[in-house]
Amino acid sequence: MTPVVALRDAVVVAGGFPLLAGVTLEIAPGTGTLLVGANGAGKTSLLRLLGGLERLAAGEGSVLGLDLRRADRRDLRRRVGWLGHDGSFYDDLSARENLRFAADALGRPRELVDAALERVGLAPRAATPTRRLSAGQRRRLALAWLVVRRAELWLLDEPYAALDEDGRALLDELLVDVVASGATVVASAHDPVRSSAITATVRLAGGRVVP
Amino acid sequence: MTRMLQRLLGPVTLASLALTAWLGLWVTPPDRVQGDLARLVYVHPALAWVALYLSFGTATIASVLYLWPRTRSVTADRVAVSAMEVSLVFILLTLATGSIWGRPTWGVWWAWDARLTSTAILGVFALAYLALRRANDDPTQRARRGAVFAILTAINVPIIHFSVLWWKTLHQGASVLTSTGQLNVHGSMLWTMLIGFVGFTLLFFWLLRERYRLEVKRDRLVASTVDEALAQRRREGV
Amino acid sequence: MIRVAGRVARKDLLIEWRSRVLLWQVVPFGAMALLLAGLALGPTRAGSSGAGPGLYYLVMVLVTLLAAQRSAQVERAAGTRASVATLGLDPAGVFLGKALALCVELWAIGLVLGAGTVLFLHTALRAALVASPSIAATLAALAAAGTLYGALTTGDGSAATLLPVLALPGFSPLLIAGERSFSAAAAGGATGSWWVITLVALVVYLAAGVVLYGVLEDA
């Protein structure tokens, strides 16, 4: 089976600093992979590279069949779902307005918006401006954004951060559904993850994969 | 052949500028009306030609070549930034010589003349281009944004030119070659001007080449720093 | 492209409607700048100098800087940029949408400050009305230019100070054309050549934005 992610000696440099120092990695479709490592190990940079948000400075790689050196990164971005560990929204718009904007942009039916808010437990706060949501609620909104999105490759940067026990259970359940539907999940985390969707763990240190 | 021409560039530039200075200061006669002040004509138009046409044009063409995917190369980006820097120097010299001529002629160091004003605005554009490049650390981002800004500047040139021209103009009209194709300057004065044009044009290419070499050295330095950082980063993972 | 433009414009205007940044921060700034312009002219010239149109445009150029900064700032947070990038919006549509929203905002502010110019600087109301089509066109061109220059500063630490130096040289011909057109309207003169400058600038910035915005977004 063609891997969703295939990297060989991938290097990413920003402002003269090598964020990734030669990552070699393969990820099969329909799987869940967890990236672990200390702060600054390169977890976020690797996720950003896989999402077409960083340029490959050296090495080779392909994601979802697109060559990272040659393909238009915009084509890749359109096919991934991104959950970053900061922001992600227009703070002055409400939770519902943010999701509607995303749904419209993606050509997804608007009915999905309220269903997604319901699923992540944000329906009562749907009209609240995003800036007034707590960190955990913002994280739930990010999950709702991904539910509306339905991407082929889910890239989740510290998805468990700021979530309470209920939120963690919700995320675990969501990841199981995603992987079962055939999509691929790559997530980063500091703490051990119990979701059955996660089938592989990749350890990063110094911008490289280590045993 | 090319190498020999490259070697000759510096000496020929210096020789032609020295010849311009000698002819302009000692050989040519003072102007009937403007006296010695008219000797600026051997320098000012040539500086303006390099500043506004040659270097700005080079920077614009290099920027277009950089943005066009088929011709994109680090060389085009280096040429663009080098030409823009040289352009800024020549713009400042154009403004300075124009001002020196303007003081006794118009009675003020600065006049709201069309060409003077549009040249000054173009100078700010060149400064802004360099400021934009300094504000971006990532080489690709720096090159792309710089190229877009250079193109925006180029398409602004005629808009600024006509807006300021229609706004007000005091500047002396075309001196050497009028719109009817008639030559207005004769003899040694014309030759001195032409040699001045050649000298400053060569000076542009000389400065461009040296500035380009500096850019190559800087890129190598950055690359070696990145290599060092890469090795260090890899050691973190051991 | 047009559909994306409509959605982006709606989103930007909705953000403005919710945050009221322009209403509470930019309009008061513009009004104060007009008052300061009057004070700078001195007590005898403030109400009778004929400088109203020029000062109006000077203030509008400064207001455009603030509004364009705000428009770019909305997209600036790293998380927002990443999430929105994965939506795969057509960059030309994003540019047109942001420029359209900025244009509508500038028209609204321009109307308020136009009234201020008539009130404080004694520019004839009739002149302001006659000049209003050219003011609308000039502000549209400023919006297109401001959106493009704003995109050049996205994601930079020094962005707040960078925008003025990038945008002001490009704004200068628009200030000239706008002021001359407004002054000509006040004096009953012809404004034809100034319309050429404004419309050429508008078309050029719109075309440049449609072609180049994607390059900037990707950078």
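Predicted model: local features only at pLDDT ≥ 70, side-chain atom pairs only at ≥ 80, totals over all residues.

## Interface of chains C and B

Chain C contributes 30 residues that are in contact with 25 residues of chain B. About 2400 Å² is buried between chain C and chain B, and carbon and sulfur atoms give 76% of this area. On the side of chain C that touches chain B, the elements that give two or more residues are α6 (125-152), α7 (159-187) and α8 (192-218) of chain C. The largest share, 12 residues, comes from α8(C). By residue class, this side of chain C divides into 21 nonpolar, 6 polar and 3 charged residues.

Polar pairing across this interface comprises 3 residue pairs in polar contact, with both residues at pLDDT 80 or more. For salt bridges between chain C and chain B, the rule finds 0.

## Nonpolar cores

The largest nonpolar core has 162 residues, and those with the most contacts inside it are A:Leu143, A:Trp154, B:Phe149, C:Leu106, C:Tyr149 and C:Leu152. Its largest share, 14 residues, comes from α6(C). Leaving aside residues up to four places away in sequence, A:Leu143 touches A:Leu83, A:Val120, A:Leu163, A:Leu170, A:Leu171 and A:Leu174. Another core, of 31 residues, lies apart from the largest one and has A:Val12, A:Leu35, A:Leu76 and A:Val186 among its members.

## A buried loop residue in chain B

B:Asn136 is located in the loop between α4 (114-134) and α5 (139-167) of chain B. B:Asn136 counts as buried because its relative accessibility is 1%, under the 20% limit. The side chain of B:Asn136 is joined to that of B:Gln141 by a polar contact of 2.5 Å.

## Salt bridges

Over all chains, the structure holds 26 salt bridges. In chain B, B:Arg211 forms a salt bridge with B:Glu85, with the closest N and O atoms 2.8 Å apart. B:Arg211 lies in helix α6 (residues 187-236) and B:Glu85 in helix α3 (residues 74-106) of chain B, so the pair ties together parts 126 residues apart in sequence. B:Arg211 is buried at 9% relative accessibility, whereas B:Glu85 is partly exposed at 29%.

In chain A, the side chains of A:Asp104 and A:Arg110 meet in a salt bridge at 2.8 Å, N to O. A:Asp104 is buried at 17% relative accessibility, while A:Arg110 is partly exposed at 36%. In chain C, C:Glu179 and C:Arg180 are joined through their side chains in a salt bridge of 2.9 Å, N to O. C:Glu179 is buried at 14% relative accessibility, and C:Arg180 is partly exposed at 31%. Salt bridges with shared partners also join C:Lys11, C:Asp12, C:Glu75 and C:Lys98 into one network.

Definitions and conventions
Residues numbered from 1 in each chain as written. Chains lettered and ligands numbered in written order. Heavy atoms only, no water. Contact = heavy atoms within 4.5 Å. Buried area = accessible area lost by both parts, 1.4 Å probe. Salt bridge = Lys/Arg side-chain N within 4 Å of Asp/Glu carboxyl O. Polar contact = N/O pair within 3.5 Å; in protein donor to acceptor, adjacent residues only side chain to side chain. Helix = DSSP H or I, 4+ residues; strand = E, 2+ residues; numbered from the N terminus. Nonpolar A, V, L, I, M, F, W, Y, C, P; charged D, E, K, R; others polar. Buried < 20%, exposed > 50% of the residue type's maximum accessible area, 1.4 Å probe, protein only. Core = buried A, V, L, I, M, F, W, Y, C linked by side-chain atoms within 4.5 Å.
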